[in-house]
Amino acid sequence: MTLFSRTEYMDRIQRTKAAMADRGIGLLVVCDPANMNYLTGYDGWSFYVPQAVLVIDDQEEPVWIGRNMDVNGAVHTAFIKKENMVGYPDDYVQSPVKHPMNFVADFIKQKEWDKKTIGVETDAYYYTARSDAELKKTLGKDTLADGNLLVNWVRIIKSDAEIALMSQAGKIAEKVMATALENLVPGKRECDAVAAVFQAQAAGTPEFGGDYPAIVPMMPTGEKTSAPHLTWTDDPYQAGQAVNLELAGCRHRYHCPIARTAFLGPNPPQKLSDLADITVEGLNLTLDTIKPGMTGEDVERVWRKHIAKKGFEKESRIGYSMGLNYPPDWGEHTASLRPGDKTILAPGMTFHMILGMWMDNFGFECSESFRVTKTGAKTFARFDRKLFVID
């Protein structure tokens, strides 16, 4: 039932082991659910309890360790052999006297892998301070090697099979954005419009269904469009309001984020229309400029020079590597499109370029998810880039 061939999974593991060797790591404890999925295929909503994938330099397959009740979930989704799926008893869960990382450490010691240099994902969302403390205590180690973002960087160039899933996510994203715009009706509650968006995300297209995105719909209205990362209320939409729409399509955990802005009424404020024109022009210009061999900062510089001519500046980055992920983020936490980022763009890399211009009391967003090709950039979704005026 795995999404990819064993050959592809083994290639991912070999590249991960090579990166481990570069850092002097003999055993990597992977707790980021996206990295666990990438290396084994495991896919379940079980990351609210500690779980791990162990990648060992001299073992062919990794070992998945999770809650006993989730072992069958690994059987249904992971490519590894059953003997490499290990469950821990339920009395480890949310206990004040024991912790799943005690079990993980005991397993490592039983296999005599504790003599290796052990690395951990120090900044992963689901590798907590207690996880770190309990793992060190049971292993009898004062320090562990830093394996943070090691697998994330291995993931940065997508295979053809991964690109195919992201292309399907792009088709879902088109439907999701169209659904959102159709539901921006004065008098309709924001929460009801968002419910329609959720339905569209899950239903996908007639050809393939959707998955839950790592981030919920962000659809702030009015003056709240001056801020990113706001969601929705149960207030009704009103004529004369702008609405920012930052949404995504998702297919088997692979994402295609997309952002647009709409105005409810026939006459958007001139300052909003002007900002929209400048932003869309800059997005088109920057996308058209992208080529393999450019760096993240090279891409951002094209945008920054464009808006500077118009009297604007944007302090935050304009994009980031993304693809396979779980809540709370679809970003990979590796390459960014911003000053100082020397990452060299290569075919197969995938980014979300989001040009959010958040002013004092209004804002405008327009974004595209794209992959770097041999000759340029190709977006995953096709949707008009403009300020949508809903009259």
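Which residues of helix α4 are buried? That is the topic of the first view below.

This is a predicted model, where local features need pLDDT of at least 70, side-chain atom pairs count only at pLDDT 80 or more, and totals for chains, interfaces and linings use all residues. Residues are numbered from 1 along each chain as its sequence is written, and side-chain values use heavy atoms, with hydrogens and water left out.

**View 1. Helix α4 (residues 100-110) is mostly covered.** The buried residues of α4 are P100, M101, N102, F103, V104, A105, F107 and I108, which makes 8 of its 11 residues. Here, buried means under 20% relative accessible area and exposed over 50%, with partly exposed in between (1.4 Å probe, protein chains only). Helices (H or I, at least four residues) and strands (E, at least two) are DSSP runs, numbered from the N terminus. The cover over the buried residues of α4 includes β1 (27-30), β2 (52-56), β3 (63-67), β4 (85-88), β5 (118-120) and α5 (129-139); contact is counted for heavy atoms within 4.5 Å. Just after α4 comes E112, with a positive phi of about 60°.

**View 2. Helix α8 (residues 190-203) has its buried residues on one face.** Buried in α8 are E190, A193, V194, A196, V197, A200 and Q201. Looking down the axis of α8, these fall within an arc of 155°, so they line one face of the helix; the arc is that of the directions from the helix axis to the C-beta atoms. They pack against α7 (160-182) and β7 (242-251). Turned away from that buried side are the exposed residues Q199 and A202. The length checks out too: at 1.5 Å a residue, the 14 residues of α8 should span 20 Å, and its end C-alpha atoms are 20 Å apart. That expected span is 1.5 Å times one less than the number of residues. After α8 comes G204, with a positive phi near 65°.

**View 3. The whole structure holds 2 cavities of 30 Å³ or more.** On a 1 Å grid over the protein atoms alone, a cavity is a set of points where a 1.4 Å probe fits but cannot get out, while a pocket is an open set with protein on both sides within 12 Å along at least five of seven lines; lining residues have an atom within 4 Å of a point. Grid points are joined across faces, edges and corners, and a volume is the space filled by probe spheres set on the points. The largest cavity has about 80 Å³ of space. Its lining includes D32, Y125, N152, D329 and H333, and strand β10 (residues 331-336) gives the largest share, 3 residues. The second largest cavity, about 40 Å³, is lined by P33, M36, Y42, D43, G44, F47, Q51 and Y326.

**View 4. The largest pocket has a volume of about 320 Å³.** Of its 16 lining residues, H229, E246, R317, Y320 and I354 lie nearest its centre. The elements giving two or more residues to this lining are β9 (319-322) and β11 (350-358). By class, the lining has 8 nonpolar, 4 polar and 4 charged residues. Ala, Val, Leu, Ile, Met, Phe, Trp, Tyr, Cys and Pro count as nonpolar, Asp, Glu, Lys and Arg as charged, and the others, Gly among them, as polar.

**View 5. The second largest pocket holds about 180 Å³ of space.** Among its 17 lining residues, Y48, V49, P50, H99 and S131 are the closest to its centre.
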